[in-house]
Amino acid sequence: MADGTADPRTIHLKDYTPFPWSIDGVELTFALAPRGTRVTSRIRFRPNEGAQPAPFFLHGEDLRLVEARIDGRAVTPAVTPEGLTCEVPAGAFTWEAVVEIDPEDNTRLEGLYLSRGMYCTQCEAEGFRRITYYPDRPDVMAVFTVRIESDLPVLLSNGNPGPSGPGFAEWHDPWPKPSYLFALVAGELLAHRDSFTTMSGRPVDLAIWVRPGDEGKCAWAMESLKTSMRWDETAYGREYDLDVFNIVAVDDFNMGAMENKGLNIFNSSAVLASPDTATDANYERIEAIVAHEYFHNWTGNRITCRDWFQLSLKEGLTVFRDAQFTGDLRGRGVKRIHDAAFLRSAQFREDNGPLAHPVRPESFVEINNFYTLTVYEKGAEVIGMLRRLVGEDGYRKALDLYFERHDGQAATIEDWLRVFEDATGRDLAQFKLWYSQAGTPRVRVEESYENGTYRLDLTQTLPPSPGQPGKQPMVIPVAVGLLNPNGDEVVPTTVLELTEPRQSFTFKGLAARPVLSILRDFSAPVMLDRQASEGEAAFLLAHDTDEFNRWEAGQTLARRAIRAALDGRSIDAAWAESLRAVLRDTTLSPAYRATILARPSQEETAQALFDEGQTPDPVAIFHAHEAVDLHLARSLPDLLPALFEEGQVPGPYSPDPDAVGRRSLANAALALLSRVDDGARARAQFAAADNMTQSVAALASLLAIGKGAEELRIFHDRWGHDRLVMDKWFALQVGQARPEVAVATAERLTRHPAFDWKNPNRFRSVFGALSGNPAGFHDPTGAGYRLLADWLIRLDGANPLSAARMSSAFSTWRRLDAARQGLIAAELQRIQATPGLSRDLSEMVGRMIA
Ligand code: TRP
Ligand code: ZN
């Protein structure tokens with residue numbers, strides 16, 4: 001199979017058919033044991049009126065069927081590796097089954113598994129079928145009652161607690177839900193408790209459950225939870241709907257967290273924080289993920305997805321909501337800048353390579369492979385465009401209608417767009433192309449000015465992507481503003497709607513040729529093709545009123561400096577001077593000025609070169625970026641120390657937006673200063689640091705200049721006992737390594753006694769860091785490719801989901817030089833030829849090779 005879509009197991013959106021039965025109730029009993037957990041199920045099925053007759057099929061994988069009964073009579077179903085079929089009565093009936101499963105053997109971390117002695121589950125997307133036989137599809141919703149039998153002290157499941165006693169606990173979830181939202185946890189856990197009163201006065205008991213020893217690291221997640229609950233009431237009118245809300249921290253977890261109804265399960269890295277072990281970035285990530293999972297209670301759980309092709313219905317919307325939340329808490333401009341920079345360096349890479357797919361894919365082999373940046377982040381961007389087109393009021397009306405009309409349902413993207421059409425009267429037929437056409441649109445910008453009239457000509461093109469050779473024009477909201485030569489805004493932000501391949505927009509009555517500020521607030525996830533002059537960018541950096549575009553102007557200048565360095569030209573001295581003026585302006589927040597000081601990522605530079613028909617060399621790009629840093633450090637010898645000082649925050653650590661912003665400014669300055677002070681300030685900061693943000697920033701600055709060996713040793717000795725901190729220790733050395741030693745460092749660390757490769761966080765701390773160090777990973781010898789391929793093959797045997805995710809490190813291979821392409825192709829073929837390769841990894845490799 002060369003092409004993943006030719007796989008006989010390919011599932012297609014167009015083949016959707018409803019399940020012919022409804023479920024009137026599910027009762028599950030778990031008799032927990034590491035090997036041989038017994039799961040007894042009792043499910044009442046009722047045929048849907050008018051349903052097409054179909055065989056009764058239940059999903060089930062890696063289960064030992066002990067017995068099955070229909071209406072009390074033993075039956076013998078036909079069992080395959082994917083599930084079972086059985087003769088059933090024409091009317092309603094009760095299905096009962098006893099199965100056995102082995103949580104201890106479960107290294108995939110899907111279904112019921114053990115993480116360091118703690119039972120936990122992960123059912124999204126298709127993990128429930130590893131727990132018992134069931135119609136494991138999101139459009140089958142049911143009320144669950146669960147009984148857990150175990151001597152472990154804490155036994156949790158979804159919904160509200162029922163009777164409990166020595167050796168057992170019962171739970172009842174009154175809200176019908178699909179099986180992917182089922183959860184169970186059992187272990188020796190401690191609770192960090194709090195409470196919340198909803199807007200209608202309902203009390204809710206909140207608890208965050210952790211292993212003994214971690215109970216002091218829950219306060220921040222709890223604060224974040226309460227803030228999220230209040231925010232969803234205020235911003236969306238959404239109230240919580242159970243008596244309890246539980247969060248559990250788990251050490252072995254494939255992703256960030258999971259929104260199981262009333263029982264969110266989190267990767268411990270997305271919950272636990274204390275000032276001495278977590279960085280500002282960790283605190284912000286925890287706040288955002290807690291919010292994200294909580295917001296799923298309405299966008300995902302109360303309204304779920306009809307099938308997995310609709311995944312962005314819940315994920316795009318919930319990412320959009322958590323971004324609004326973070327923007328409200330921490331500043332909209334800075335949040336928008338962070339999101340756009342992330343989208344451009346990570347999602348654009350996906351959208352412009354062999355893994356490109358629409359926000360709503362039309363086929364898949366393994367659904368786990370479609371929890372992507374496109375479905376999540378581009379999906380959120382699409383909602384942002386929709387909101388911009390219909391306005392704030394239209395958006396609110398549409399969302400109110402969405403919740404009213406679809407509560408309790410498994411919905412589709414069509415349902416979602418229809419509420420916008422019905423609430424606002426706008427036709428969204430063309431807008432819908434954002435869900436079906438893959439790839440990043442390019443928008444070419446041409447300007448002219450004559451006799452007081454300014455004309456803007458915009459041309460859109462959408463490059464071909466896998467399976468989509470030709471494309472139709474999209475609806476692209478392009479927010480623009482015009483400034484006159486003295487810096488005043490003559491045309492405030494206006495949204496131009498580009499719907500044709502080429503369109504002109506005119507602005508009349510302008511006394512002088514204006515300066516264009518285009519794609520304000522990053523109003524659409526597109527690439528601009530524009531020949532703006534250096535002078536214009538400097539002008540906008542000084543004067544633009546749009547926070548995003550002011551930053552973008554700085555990025556444009558930085559890109560030019562990087563290009564100059566790449567081409568061996570000298571960097572224009574005017575750049576540092578225009579930065580100086582902005583960086584000195586203390587009316588701008590420190591957090592904002594820190595973004596001004598950041599350069600585009602190496603990935604962004606590589607993409608831009610490729611887009612122009614060049615062959616990017618990751619090592620050359622690394623050196624160009626470094627030359628630019630050095631140039632800035634040398635050009636701003638007075639300013640950088642001042643920014644570093646300004647960013648010092650006295651007093652005890654706090655992750656509040658102001659303190660975080662100041663530290664980010666200081667640490668951005670520190671990284672540059674280290675290039676000219678031989679690491680003196682970084683060494684001093686490391687020695688004096690009383691919080692992890694300062695330690696990590698200092699260490700990263702030292703490693704980036706090839707120093708820091710002693711500090712790494714100190715760090716290791718101090719934090720060897722703490723897994724989350726040790727993940728940083730692994731990741732920092734690989735991620736910040738000089739290109740020549742990155743692969744050797746990664747290889748050496750895989751032999752470190754603490755390299756527990758079956759733990760996804762630890763595996764990622766080495767290999768995520770390696771692929772995030774492009775010049776190191778793309779070592780011309782191919783050593784990085786070989787090392788990653790070896791480990792992906794090994795990981796695939798234990799955890800296909802994580803192996804497949806990590807394989808996307810190879811996805812940019814087509815834009816590299818012939819030698820590197822050959823080396824990567826050989827590794828991809830070696831992986832593909834591995835006997836027993838998982839469906840997950842083979843689909844990814846197949847798509848990359850195709
Ligand atoms: N639905 C989860 C979220 O975005 C993520 C998720 C999907 C997940 N599949 C998973 C988490 C598998 C862990 C394992 O919030
Ligand atoms: Zn989500």
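Tutor: Let's start with A411, which counts as buried because its relative accessibility is 0%; buried means under 20% relative accessible area, exposed over 50%, and partly exposed in between, using a 1.4 Å probe and protein chains only. Before we go on: this is a predicted model, where local features need pLDDT of at least 70 and side-chain atom pairs count only at pLDDT 80 or more, while totals for chains, interfaces and linings use all residues. Residues are numbered from 1 along each chain as its sequence is written, chains are lettered from A and ligands numbered from 1 in the order in which they are written, and side-chain values use heavy atoms, with hydrogens and water left out.

So where is A411? You'll find A411 in strand β24, residues 410-411. Strands (E, at least two residues) and helices (H or I, at least four) are DSSP runs, numbered from the N terminus. Skipping neighbours within four places in sequence, A411 is in contact with I303, T304, C305, R306, Q310, L313 and H406; contact means heavy atoms within 4.5 Å. For a sense of distance, A411 and A633 are 222 residues apart in sequence and 53 Å apart in space, C-alpha to C-alpha.

In the largest nonpolar core, which has 266 residues, W416 and W95 touch the most other members. A nonpolar core is a set of buried Ala, Val, Leu, Ile, Met, Phe, Trp, Tyr and Cys residues joined through side-chain atoms within 4.5 Å.

Beyond four places in sequence, S465 touches A356, A438 and K471.

Now a helix pair from elsewhere in the model. Helix α21 (residues 760-771) and helix α23 (residues 783-798) pack at about 145°, their axes 11 Å apart; axes are lines fitted to C-alpha atoms over the stretch in contact, and angles run from 0 to 180 degrees between N-to-C directions. There, F763, F767 and L770 of α21 meet G784, L787, L788, W791 and L795 of α23. By class that gives 7 nonpolar, 1 polar and no charged residues, where Ala, Val, Leu, Ile, Met, Phe, Trp, Tyr, Cys and Pro count as nonpolar, Asp, Glu, Lys and Arg as charged, and the others, Gly among them, as polar.
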